[in-house]
Amino acid sequence: MLQIPRERTFQIVGGIGDEAQKVINQIAEARDKYPDEWLNLMICSGGGNATPFFAAYDILRGLSRDKLQTVCIGACSSMALIVFLAGERRIISPNATIFIHEITFSKNFQCVTYEVLRGYLDVLRLDTEMYRQIVAERSRRKIEEVEGWMKKNQVFTAVESIRHNLAHEVLSV
């Protein structure tokens, strides 16, 4: 059974916002305090705006490249998968799911110029490319396979997540 020490365990529940930034700061402090120990990040999130999730991924990979264990509880959907994939060891609870879909862009357009719209489309294209690249790299899958998952709005069970290298093991409860 997986032992998760409280003093080195952090949680992100919901989207990545101010509270999650505090958690990431706590992880940075814990990395200094426990440089040779595994840190644990438990995640249950439906995702959200791409930018803070990519930032969290970069920070977590930089801080704890070798000693970060992420644990998916409930669900890691959409952009939350990116934070989950930051873990060197990735654990998923037995009833959790991972949901992958195409990146979407939502703005309240009233009146917009062609150039502004083109800028938004460039952001959407870049976010999609980064998402595909991270998922492919961390799961050791081809980008084309990840694209297929995204187009199908693919949901993976815990066992399927392991089979597709998104997670490494199912949490024993």
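Residues are classed by relative accessible area: buried means under 20%, exposed over 50%, and partly exposed in between (1.4 Å probe, protein chains only). The model is predicted; local features need pLDDT of at least 70, side-chain atom pairs count only at pLDDT 80 or more, and totals for chains, interfaces and linings use all residues. Residues are numbered from 1 along each chain as its sequence is written, and side-chain values use heavy atoms, with hydrogens and water left out.

Cysteines were examined for disulfides, defined as pairs of cysteine sulfur atoms within 2.5 Å. The count is zero. Cys44 is in no disulfide; the nearest cysteine sulfur belongs to Cys72 and lies 7.3 Å away. Cys44 is partly exposed, at a relative accessible area of 27%. Cys72 is likewise in no disulfide. For Cys72, the nearest cysteine sulfur is that of Cys76, 3.4 Å away. Cys72 counts as buried, with 0% relative accessibility.

Strands and helices are DSSP runs numbered from the N terminus (strands: E, at least two residues; helices: H or I, at least four). Two strands pair if DSSP finds at least two bridges between them. Strand β3 (residues 68-77) pairs with strand β4 (residues 89-92) in the parallel sense, over four bridges. Cys72 stands opposite Ile92 in β4. Strand β4 is also joined to strand β7 (residues 169-170) by two bridges, and these strands run parallel. Here Ile91 stands opposite Glu169 in β7.

Ile16 is found in the loop between β1 (9-13) and α1 (18-33). Its relative accessibility is 15%, so Ile16 counts as buried. Contact means heavy atoms within 4.5 Å. Neighbours within four places in sequence aside, Ile16 is in contact with Pro52, Phe53 and Val83. Ile16 and Ala80 are 64 residues apart in sequence; their C-alpha atoms are 8.2 Å apart in space.

Two packed helices are described by the angle between their axes and the distance between the axes. Axes are lines fitted to C-alpha atoms, for helices over the stretch in contact, and angles run from 0 to 180 degrees between N-to-C directions. Helix α4 (residues 114-139) packs with helix α5 (residues 143-152) at an angle of about 115°, with the axes 9 Å apart. On the α4 side, the contact includes Thr128, Tyr131, Arg132 and Val135. On the α5 side, Ile143, Val146, Glu147, Trp149 and Met150 take part.
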